[in-house]
Every structure is written in C-alpha cells, then in structure tokens.
Amino acid sequence: TDEQEQAVARRGEPLLLAAGAGSGKTSVLVERFVRAVREDGIAPERILAITFTERAGSELRERVRARLLALGEPRAARAIEEAYVGTFHGFCARVLRESGTEAGLREELEILDEGVAGRLRRQAFALALAKLLEGGRGEAVDLIAAYTADRARATVLGVYAELRSRGQRAPRLPAPVLGGAGAGEEPDAQDIEAAKAIELWDELLEQFGSHYASAKARRNGLDFDDLELRAGELLGADERLRRAWAERFELLMVDELQDVNPRQLALVRALERENLFTVGDEWQSIYGFRHADVGLFRAREAELAPRGQSLRLVHNFRGREELLQAVNAVFARRFGGAFIPLRAGREREREGEAHGEPLLELLLSDRRGYGDDAQPVAGARSEERRGG
C-alpha cells in the first residue's frame, strides 16, 4: 500500500510507525531491511533489528533471507547470519561479551534463565526476611504478621523489578518525609508509624537485593534485567565505547515499541544517530505487568509527529470489511477520537460470494467439549454452517 511504501522508503530519518494487528508491519520491516541492503549498500551486519521475542526475531531473519534469495541476492542472504536480529536481551548479552571486560565482567559469563533466577530470588528473600526478624524486633514482626511472608515477598520482588526497569541496579525506597512540607508542622503518630513501616520495607528491599546480587556473583551470572542494566551502564559510562557501538549500525529498527520499558528505550537511544525506526501499536500494549510503559510510545509519537515523522498503517489484511466495520463501531465508542478506524486491505473473494458462500459462519458445539459422550446442541449439528 502507499502507507507501507512510505514507511519503507524513508530510511534516512527517524520514524515511528503505528501499526495495528494485521496491517503488514512485519512486511514493512522485511522490506526496509532488504532495500537497505540492495539499494543503500548497507551490509546486513550493520543493521540492528530488535524484536520482542526470539520467535519474532527468527521469523524476521528467515523472511529477510527468503526475500533476498527471491531477488537473486544469495550472498546477501547468507550474510543475514551475521546481522543483529533478536531481542533486547540477546543484543545486550552480545555487548557485554564483546565489551564487558571493561566493566569488570569475566568472559565465562552465565546468563541465568528465569527458572534459576527465580529460585535464587526466593532464597535471597528468605535470607533477607530472617535478617529483618533477627532478634525478634517487634515492629518487624508486626509488619510481616500483617502482610504474611508470601505477600511481603511478592511486594518486595515487585518493587525491586519495577525500580530496576527504571534503571536502578540496586533499588532503594525514597526516605519518608515527615510533617507538612515547609509548614513546620509536627508529624502525628500515624505519620511516624507509616515512616517506620517504609524504613522497614526499604531495609527488607536492600537486604534482598544484596543477597540476590551475591548469589548471582558466586555463579558469575546475570539475569535478564542485569543484561540490560549492565549494557546500558557500560554505554553510558564510556563515551568512546558508546560511539563505537552506535557507529556499527547504519539502521536501527525496534518492533513492539509499546511494550518496552524506560531502561530498554534508553539503551536504543544511546545507539541512535537519527536512524531509529520504531514500530508499535498503543492499543496492543498488554505487558504492563512486565513494567512496559506505553507512555514511551506516545511520547515518541508526540515528539516525531510535528516533524511529519509519525506514520500509520490503517489497512487490515486479516479481516473482511464486514468484520472490520463491527470492530470499528465497538472500539470507536470505547476509545473515542484517539481510535483510528481500520480499513479492509483484502480483496473480496468474489468467486466464493458468487456461489452463495456465507459471509459469516457460526460453529456450534456442545459446551462440555468434544468427547465421545458429548451430545450436539439441540436443533443443530456441530458441523453445520449458519450464514449471516
């Protein structure tokens, strides 16, 4: 489509592409990559493409390779193996393995999978809790009794992960402020009690972080958060190194921008040289529980839109016009003026319609499942089609 062509052709400037489900955004990423190689003469290893999952990265790599082969570029297709296509974690691991000795990391670095990291966190919390309750401190015992150990663990681990997503390697809570700000008011008993509780939570958080860091250090291991934190710190502390990594890449592409956190965005900003292409859809932001911040997508859109560098794909290639009309009607009421209606990108299957095929099908089955003893719904066969 014309809107896809714009997103592909404008490779010499920063761009944000708002792309809904089924709008062909992966095709845009593939074509930008391929044209950068064929038309701009950029070697594949000088393109950084960050995807949200390893599966998405593998799909993008395979589609780029297939496209280059179809265009008679076997040498470039083979070179795709050297391209930086994958997740934030994968890219950060590569940065640390190549440059981590400058940050005091040993070469035999172990990347801890979530199962191992989760076990170490549970052990670290148990040690931190024992330290907090050591000697039977009354206020600490009361706090944990009020919350229970399980809820306290969930709270501490949640705060720890949230603050780490904002770039804090060793998270701490801010010190409580007692009394009216600037008014010279004396704090009341409730304020004093709340301040003591915050101090206890901070002590527990600090102890947990210390034990967890020690457990990882004994294994020379980093968890996924560490990969991003340490890579970001490394690039932020050494301007020469940051510039060297930034100059490796002629083209930066980040998919699913609505699901990144501040730490991840800061990382790509450190590499940006007016060559960052970001794709996302704020209406598909579902990873807030992993500390993704859809506000980052909106802020970048607000930054680039006045310069004409915010584009949108509104054609949907998965749904027919009748379905999209229903979707538009529902979501326009739900989201108001911020919702951009979808347009059908598929050609109508005229041949099927000419033979009387229904536009919609309703498939009915027994609510108990598909076992041998399941009975069909009264008055309908499970395989029966209902046209609408």
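**Reading side-chain contacts in a predicted model**

User: At 53% relative accessibility, does Glu39 count as buried or exposed?

Analyst: The model is predicted, and every value discussed here is computed from it. Residues over 50% relative accessible area are classed as exposed. Glu39, at 53%, therefore counts as exposed.

User: Which side chain meets that of Glu39 in a salt bridge?

Analyst: A salt bridge is read from the separation of a side-chain nitrogen and a carboxyl oxygen. Here the partner is Arg11, with N and O 3.2 Å apart. Arg11 lies in the loop between helix H1 (2-9) and strand E1 (15-19), and Glu39 in the loop between helix H2 (25-38) and strand E2 (47-50), so the bridge ties together parts 28 residues apart in sequence. Arg11, at 12% relative accessibility, is buried, whereas Glu39 is exposed.

User: How many salt bridges does the structure hold, and which residues are linked in a network?

Analyst: The total is 41. A network of salt bridges joins Glu5, Glu31, Arg35 and Arg67.

User: Where do Glu250 and Arg273 lie?

Analyst: The two form a salt bridge with closest N and O atoms 3.8 Å apart. Glu250 is in the loop between helix H11 (239-246) and strand E6 (251-254), while Arg273 is in the loop between helix H12 (262-271) and strand E7 (276-280); the pair thus ties together parts 23 residues apart in sequence. Glu250 is partly exposed at 33%, and Arg273 is partly exposed at 36%.

User: What geometry do Tyr147 and Trp201 show?

Analyst: Tyr147 and Trp201 are edge-to-face, with 85 degrees between the planes and 5.0 Å from centre to centre. Tyr147 belongs to helix H7 (residues 138-147) and Trp201 to helix H9, 54 residues apart. Tyr147 is partly exposed at 30% relative accessibility, whereas Trp201 is buried at 14%.

User: Which residue lies over the face of Tyr84?

Analyst: Arg94 does, at 3.9 Å from the ring centre. Tyr84 also forms one aromatic cluster with Phe91, Trp245 and Phe249. Elsewhere, Lys216 lies over the face of Tyr212, at 4.1 Å from the ring centre.

Methods: Residues numbered from 1 in each chain as written. Predicted model: local features only at pLDDT ≥ 70, side-chain atom pairs only at ≥ 80, totals over all residues. Heavy atoms only, no water. Salt bridge = Lys/Arg side-chain N within 4 Å of Asp/Glu carboxyl O. Helix = DSSP H or I, 4+ residues; strand = E, 2+ residues; numbered from the N terminus. Buried < 20%, exposed > 50% of the residue type's maximum accessible area, 1.4 Å probe, protein only. Phe/Tyr/Trp six-rings, centres within 6.5 Å; stacked < 30°, edge-to-face > 60°. Lys NZ or Arg CZ within 6 Å of the ring centre and 35° of its normal.
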